[in-house]
Amino acid sequence: MKDSLWQAVLGEIELTVSRASFITWFKNTELLTNKDGVLVVGVPTVFVKNQLERKFNELIVDTLKKNGIEPTKVEYKIHTKGKSTLHKRPREETVMVVAPQQQTEAKPKSSSSVRHSYRQGLNEKYTFENFIVGSGNELAYAACQAIASAPGTRYNPLFLYGGVGIGKTHLIQAVGNAILAKDPKAHVVYISSEQFVQEFLDAIRYKKNTDFAGFYRSADVLIVDDMQFIAGKEKTQEEFFHTFNALHQANKQIIISSDKPPKDIPTLEERLRSRFNWGMSIDMQIPDFETRCAIIQTKATTHGITLDPGVVEYLANHVQTNIRELEGALNQLLAFCEMRGLQPDIQITTSLLGSSKVRPKHINAKQIIEKTAKHYAVSVEDIMGPKRDKDIVVPRQIAMFMLRSELHLSFPKIARELGRKDHTTAIHSVEKIAKESALDADMRTAISEIKDRLYA
Amino acid sequence: MKLQVTQENLNKALSSVARIANTRGTLPILANVVLRTVGTRLTIAATNLDIAITHYIGSKVSEEGSITVPARLMQDFVNSLPSGVIELKLDDYKLHITTDQYNSVINGVSAEEFPVMPAISEGKTWNIPAKVFKKGLQQVLVAASNDEARPVLTGLYIHTSGDKLYIASTDSYRLAEKEIMPLKEDISLLVPASSMQELLRVVGDQETDIEIIHDDQQVLFKVGEVELMTRLIDGTYPDYKKLIPTEFAVTATLKRADFVNITKVSSLFAKESAGSVTIHVNPDTKSVSIRSVASQLGENTAQAEAEVTAEGSITLNSRYLLDALGTLNSDTVMLCFNGKLEPCVLKEAKATDYIHVIMPLKS
């Protein structure tokens with residue numbers, strides 16, 4: 001109540017005074033008490049107190065009146081709330097310490113108006129309990145559970161990567177929530193790298209004596225989402241590097257998620273890259289069909305609806321790559337049915353979401369070769385031809401693999417489709433790609449992208 | 001506003017005040033200085049919202065008034081004027097500055113726009129000789145931290161204990177404490193070290209008393225014509241006294257100049273190891289030797305004569321050691337320590353009012 005009133009007042013004042021004035025004088029103020037018409041406003045410094053008392057008192061009183069409060073008096077009191085929560089760290093008690101041999105020189109100073117609480121950013125709805133484990137994410141799930149039970153001791157740092165909407169954020173938030181559930185005083189910081197960049201910029205800009213570096217370095221668990229956005233921002237990377245080192249040396253847990261593995265993030269500093277690879281990097285895979293079905297059923301159950309197996313299957317087939325879209329489709333269906341008081345069945349689902357993307361039967365060998373060639377930007381002639389350069393051999397082998405996996409052609413037929421006489425080449429190629437794609441994430445991505453092109 | 005001042009006075013005031021006016025902050029007006037007549041005097045003031053400096057100068061005021069002008073421009077301009085009388089005249093926010101040879105106009109901003117300068121209405125007042133305080137500050141400032149993550153350690157702790165006034169500072173790797181003078185007051189102030197750097201500049205070579213007035217939030221230092229107001233740091237200073245050892249297994253007494261020299265030489269070989277040098281105290285050869293090793297470059301051992309009580313060695317950061325030696329004023333100094341991982345103390349051979357503690361490095 002107090003907070004929302006003061007926020008409303010600040011919102012209005014922000015429009016009347018200049019931006020510089022607002023940042024200098026009104027930021028970090030708060031309403032402490034509101035009793036019998038006497039309002040006490042907490043301010044960070046004596047300068048702000050003076051300024052508000054002598055120059056802005058009238059404006060504040062007027063704005064309060066507009067918001068339906070008739071103050072008899074507004075008092076200003078110096079109050080350091082951010083500090084008291086941020087600096088009550090046990091380490092203040094150990095005043096002098098024996099320095100390690102490689103004592104770092106004066107730490108790079110950075111500061112900003114970072115004043116948020118440690119659990120900011122964590123959404124309590126993300127827990128381990130409602131995370132559906134499937135073949136694509138069981139390793140990540142196990143690692144995260146291990147971390148939650150003993151942060152900082154194993155898999156530090158943990159680097160999760162994978163495409164959009166496959167549950168990275170869910171998992172890393174679940175770790176944060178699980179740690180907080182066990183120890184509510186733990187300093188769990190969850191932040192997206194973009195937010196980190198923004199706060200770092202503010203810190204540089206305002207040169208305020210606050211606690212950007214201190215805040216992050218005092219975390220027990222630092223969770224950074226979408227690390228790829230830090231790419232190309234050199235100074236931020238440097239600051240993050242120092243934060244990373246400080247935390248890692250103190251055995252604090254670091255969890256990072258990204259859409260690519262560290263080596264594929266362009267313009268990521270080498271030293272950060274190598275550090276990200278230090279603990280454990282896990283590739284999160286697109287959930288398989290069964291997992292998708294399980295996810296749909298769980299989500300439907302939380303809405304109190306039991307879905308027909310046919311509908312579940314249809315949905316799982318309809319959206320194959322992205323859990324967020326899967327949820328979207330399910331929500332669309334449930335909302336549609338709820339509004340009309342219908343029970344979701346396969347007819348409604350089909351009409352609502354459009355015809356199922358059952359694989360068209362008309363795919364032929366020629367299309368596979370064409371799409372593969374296109375994906376690798378080589379010509380069909382080259383693939384069919386005799387050249388044995390590496391950048392042609394790989395697409396050729398993938399094409400053979402796909403002819404086998406998608407059309408189930410015989411090896412002699414595959415050889416013929418590609419203008420080869422010897423079917424053993426085809427056997428070798430299919431086996432080689434099958435083996436490599438099991439080990440190589442890039443290869444898997446390439447194959448699934450070619451499939452996307454085929455069935456699009 | 002219309003008045004006459006001498007170039008010398010105005011220049012001196014501007015040079016002490018304009019420094020803290022800064023152009024990088026959020027509020028553009030903080031890059032200005034305020035000129036304001038108070039009775040027969042002119043005040044020149046600036047602030048960066050942590051610290052505020054007001055300088056009073058005598059002048060012949062014929063019309064009262066006030067204005068703010070860009071600090072840098074005003075300072076550079078007045079500095080290049082020849083000495084003699086300057087006339088300042090305000091005409092609709094334009095400050096006309098006239099001498100025999102020069103005639104210029106600086107566009108100002110109303111003093112109403114400037115933040116209200118803080119004042120102390122009720123507070124405790126006491127005095128201290130400027131020279132004594134300055135010496136004390138110079139000795140402890142070096143050990144204050146500049147890590148904003150621990151605000152308490154960025155301050156100097158000015159306090160009384162047992163009817164004596166002390167200043168202390170620590171950055172958690174080293175600690176300095178100076179006993180200033182006997183004082184029967186109950187004082188406990190945590191003043192930002194950066195503000196005290198500024199105070200040192202303001203004090204200069206003055207030999208007057210400094211008047212100190214403070215309440216819970218701020219402290220005002222009055223030095224002659226200048227008033228420096230700074231905020232106090234909120235927080236409790238650590239109980240540092242219990243960290244200062246009083247008994248030592250090893251004590252070496254040697255010439256300060258020798259000690260500085262051998263430390264400097266050794267530090268050249270200690271860059272790789274973050275300044276780490278090992279001091280060995282030997283009663284047989286009556287010497288203190290410092291050894292440093294740089295795996296790539298080579299190594300060094302430097303030795304100096306000393307009076308030694310027992311044998312021992314300790315590894316320190318050479319930069320901290322040099323800083324500490326720089327704060328000692330006597331010709332002979334004492335190095336005292338116990339175990340390899342226990343705090344090491346440097347002090348002047350005869351005086352007992354200053355003590356500098358350095359934590360060893362793990363070797």
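Reader: What covers the buried residues of H17(A)?

Author: A residue is called buried if 20 or more other C-beta atoms lie within 10 Å of its own, exposed if 12 or fewer, and partly exposed in between, with C-beta atoms placed from the backbone. Helices (H or I, at least four residues) and strands (E, at least two) are DSSP runs numbered from the N terminus. In this structure, the cover over the buried residues of H17(A) includes H15, H16 (380-384), H18 (411-417), H19 (423-439) and H20 (441-455) of chain A. The model is a predicted one: local features need pLDDT of at least 70, side-chain atom pairs count only at pLDDT 80 or more, and totals for chains, interfaces and linings use all residues. Residues are numbered from 1 along each chain as its sequence is written, while chains are lettered from A and ligands numbered from 1 in the order in which they are written.

Reader: Which residues in H17(A) are buried?

Author: They are Pro395(A), Arg396(A), Gln397(A), Ile398(A), Ala399(A), Met400(A), Phe401(A), Met402(A), Leu403(A) and Arg404(A).

Reader: How many residues has H17(A), and what does it reach from its first C-alpha to its last?

Author: The expected span of a helix is 1.5 Å times one less than its number of residues. H17(A) has 18 residues and reaches 25 Å between its first and last C-alpha, close to the expected 26 Å. After the helix comes His408(A), with a positive phi near 55°.

Reader: At what angle do the axes of H15 and H17 of chain A cross?

Author: Two packed helices are described by the angle between their axes and the distance between the axes. Here the axes are lines fitted to C-alpha atoms, for helices over the stretch in contact, and angles run from 0 to 180 degrees between N-to-C directions. H15 (residues 365-375) and H17 (residues 390-407) of chain A have axes that come within 9 Å and cross at roughly 140°.

Reader: Which residues in H15(A) meet H17(A)?

Author: A contact means that the C-beta atoms of two residues, placed from the backbone, lie within 7 Å. From H15(A) come Ala365(A), Ile368(A), Ile369(A), Thr372(A) and Ala373(A). An α-helix has 3.6 residues a turn, so residues three or four places apart point the same way. On the H17(A) side, the residues met include Pro395(A), Ile398(A), Met402(A) and Glu406(A). The contact of H15(A) with H17(A) has 10 nonpolar, 1 polar and 1 charged residues.

Reader: How many residues has the largest nonpolar core?

Author: A nonpolar core is a set of buried Ala, Val, Leu, Ile, Met, Phe, Trp, Tyr and Cys residues joined through C-beta atoms within 7 Å. The largest has 117 residues, and Val33(B) and Ile53(B) have the most contacts inside it. Its largest share, 7 residues, comes from helix H3 (residues 46-66) of chain A. A second, separate core of 49 residues includes Tyr216(A) and Phe276(A). Beyond four places in sequence, the contacts of Val33(B) include Leu14(B), Ile44(B), Val69(B) and Met74(B).

Reader: Why is Ser292(B) buried?

Author: Ser292(B) counts as buried because 26 other C-beta atoms lie within 10 Å. The residue lies in strand E20 (residues 287-294) of chain B. Setting aside residues up to four places away in sequence, Ser292(B) touches Ser266(B), Phe269(B), Ala270(B), Val277(B), Glu299(B) and Asn300(B). Thr263(B) is 29 residues from Ser292(B) in sequence and 9.6 Å from it, C-alpha to C-alpha.

Reader: What is the phi of Asp163(B)?

Author: Most residues other than glycine have a negative phi, and most peptide bonds are trans. Asp163(B) has a positive phi, near 60°, and lies in the loop between E11 (155-161) and E12 (164-170) of chain B. Asp163(B) is exposed because there are 10 other C-beta atoms within 10 Å. Lys286(B) also has a positive phi, near 50°, and lies in the loop between E19 (276-282) and E20 of chain B. Lys286(B) has 13 C-beta neighbours inside 10 Å, so it counts as partly exposed.

Reader: Which residues does a cis peptide bond join?

Author: The cis bond joins Asn156(A) and Pro157(A), with omega about -5°. Pro157(A) lies in the loop between helix H5 (138-149) and strand E4 (158-161) of chain A.

Reader: How many helices and strands are there in chain B?

Author: Chain B has 6 helices and 26 strands, and buried residues are 43% of its 363 residues. Chain A has 20 helices and 8 strands, and 36% of its 456 residues are buried.

Definitions and conventions. Ala, Val, Leu, Ile, Met, Phe, Trp, Tyr, Cys and Pro count as nonpolar, Asp, Glu, Lys and Arg as charged, and the others, Gly among them, as polar.
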